[in-house]
Amino acid sequence: MNAPLRIAVVGAGRMGADHIERLHRRIAGAEVAAVVDIDRPRAEAAVAHIPGAVAHTDFQEVLDRDDIDAALLATPGFLHEQVLLPALGKGLPVLCEKPLTPDAESSWRVVQAEVAAGRQLVQVGFMRRFDTGYLALRRMIEERTYGELLTLHHQHRNPTTPPGFTNEMIINDSVVHEFDAVRFFTGEEIVSVQVRIGRSTRNAPEGQRDPQLVLMETESGVLAQVEAYVNARFGYQVSTQASFETGVVGIGGDQEPYVRTEGRWGGSVTPGFEERFAEAYDREIQAWVEATARGEIGGPSAWDGYATAACCEAGVRAQSSGETVPVHLEAKPSLYA
Ligand SMILES: NC(=O)C1=CN([C@@H]2O[C@H](COP(=O)(O)OP(=O)(O)OC[C@H]3O[C@@H](n4cnc5c(N)ncnc54)[C@H](O)[C@@H]3O)[C@@H](O)[C@H]2O)C=CC1
Ligand SMILES: O=C1[C@@H](O)[C@H](O)[C@@H](O)[C@H](O)[C@H]1O
């Protein structure tokens, strides 16, 4: 049996801490060897229960070590490029939480750096691709189980947003998942994006308009819409309905168990993405670890990160203009053929 991969987790906040626990307790073939956080007490707390793991405050300290096999990047998206470029320069594999970067220009720089490195080293954390419902729906689309796919209707509802979550982040941090999901389901690029904003909830923080309806079109004319409602209060919900020629398929509906008790019926609502996608994150990280051990990536690529960043850029322009904005993509490098 091979020695476990020695992973450095960069960013030990909400998502990084969740991934550290996952790597430490549930993922086979990997161990947390380092945690980097600019907030030293946070980095130290994250490694306190992991024998042998070392706390750092600067990613360069990890690059200077020669015993780290891969990095899991979970700092805020606008900080990803500053870790990805040196990691690619050193040939270090990275699982980069979404978004790859917050705009198409910087994502394209990452793609070009990977092309220069000569092999795929970056996997992007679009974990929904590992959700069983998503996988089942994609199979039905591919196999034309109910004829051709015509439209996709997504609901993306969060209970609240963290401090500093801007209007643009509704597109760049939340709807980025649906841009990837639509590309994953259809196997096509998205060609245009429109955003409509109507009455806004009084629960939205200043500067945010919530909810927003995002409409996108794929190369072959599939229309997909998203209700992004990020201060919905009641809990977390990510679901999709797909309309085909001979059927309608829903995924991500209400969670089991369904209970009747004390004169009421119903089930529970997941409070957040950690619970809704717990199994998908596990499968995502396990697939990444196994692929990394083989010298490959095990999920969405830097090209997928770039293509969704281009959709986000169109989406942010569409937010302010109200126009249908075309998505511009550079030619796809042969590395991603
Ligand atoms: N796949 C998914 O469903 C989700 C993905 N995310 C993504 O995960 C990433 C992190 O998000 P959160 O955990 O919510 O953020 P967070 O704000 O909770 O944590 C970020 C951490 O990075 C640290 N940090 C900041 N600058 C740093 C630097 N220069 N070097 C090292 N550490 C630094 C902070 O001190 C903090 O501990 C983002 O890209 C976000 O979009 C977040 C939530 C869900
Ligand atoms: O990635 C995530 C968060 O960053 C984002 O803010 C949420 O809207 C998403 O549902 C979650 O999956």
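Before anything else, a word on terms: helices here are DSSP runs of H or I with at least four residues, strands are E runs with at least two, and both are numbered from the N terminus. With that in hand, I can say that glutamate 262 sits in the loop between β13 (255-261) and β14 (264-268). And one more thing to keep in mind, everyone: this is a predicted model.

Let me stay with glutamate 262 for a moment. Its phi is near 50°, which is a positive value in a residue other than glycine. Most residues other than glycine have a negative phi, and most peptide bonds are trans. Is glutamate 262 buried or exposed? Glutamate 262 has 6 C-beta neighbours inside 10 Å, so it counts as exposed.

You will find arginine 144 in the loop between α6 (132-143) and β7. Arginine 144 has 12 other C-beta atoms within 10 Å, and is therefore exposed, since the cut-off for that class is 12 or fewer.

While we are on backbone geometry, let me point out two cis peptide bonds. One joins lysine 98 and proline 99, with omega at about -10°. Proline 99 belongs to the loop between β5 (94-97) and α5 (104-117). Another cis bond links aspartate 210 to proline 211, and there omega is about 5°. Proline 211 is placed in the loop between β8 and β9.

That brings us to the sheet. How many strands form it, and in what order? Seven strands make an open sheet with mixed pairing, and the order is β12-β11-β7-β10-β9-β8-β15. At the edges are β12 (248-251) and β15 (325-326), each of which pairs on one side only.

Strand β8 (residues 190-196) and β15 run antiparallel and are joined by two bridges. Within that pairing, valine 193 stands opposite valine 325 of β15. On β9, β8 has another antiparallel neighbour, with six bridges between the two strands. Arginine 196 has leucine 213 in β9 as its bridge partner.

Leucine 213 turns up again one strand over, where it stands opposite glutamate 227 in β10. β9 and β10 are antiparallel as well, paired over six bridges. They form a hairpin with four residues between them, and glycine 221 in the turn has a positive phi of about 100°.

Now, which residues of β9 are on its covered face? They are Gln212, Val214, Met216 and Thr218, while Leu213, Leu215 and Glu217 make up the uncovered face.

Helix α7 lies across β7 (149-157), β8, β9 (212-218) and β10 (223-229), and runs at about 150° to β7. Helix α10 (residues 302-321) lies across β8, β9 and β15, at about 30° to β8.

α7 also packs with α6. Their axes come within 8 Å and cross at roughly 45°. That angle is why α6 is described as oblique to α7. From α6, the residues that meet α7 are Tyr134, Leu137, Arg138 and Ile141, and on the α7 side they meet Ala181, Phe184, Phe185 and Thr186. By class, this contact has six nonpolar residues, one polar and one charged.

Which helix gives the most to the shell around ligand 2? Helix α7 (residues 167-186) does, with three residues. The residues around ligand 2 are Asn158, Asp173, Ser174, His177, Val230 and Phe273. In terms of class, that shell has two nonpolar, three polar and one charged.

Around ligand 1 there are 23 residues, and the closest are Gly11, Gly13, Arg14, Met15 and Glu97. The helix giving the most to this shell is α1 (residues 14-25), with three residues. The shell of ligand 1 divides into ten nonpolar, six polar and seven charged residues.

Thanks, and I'm happy to go back to any part of it!

How values were computed:
Residues numbered from 1 in each chain as written. Chains lettered and ligands numbered in written order. Predicted model: local features only at pLDDT ≥ 70, side-chain atom pairs only at ≥ 80, totals over all residues. Near = placed C-beta within 6 Å. Nonpolar A, V, L, I, M, F, W, Y, C, P; charged D, E, K, R; others polar. Pairing = 2+ DSSP bridges. Contact = placed C-beta atoms within 7 Å. Axes fitted to C-alpha atoms, helices over the stretch in contact; angles between N-to-C directions. Buried ≥ 20, exposed ≤ 12 C-beta atoms within 10 Å, placed from the backbone. Parallel < 35°, antiparallel > 145°, perpendicular 65-115°, else oblique.
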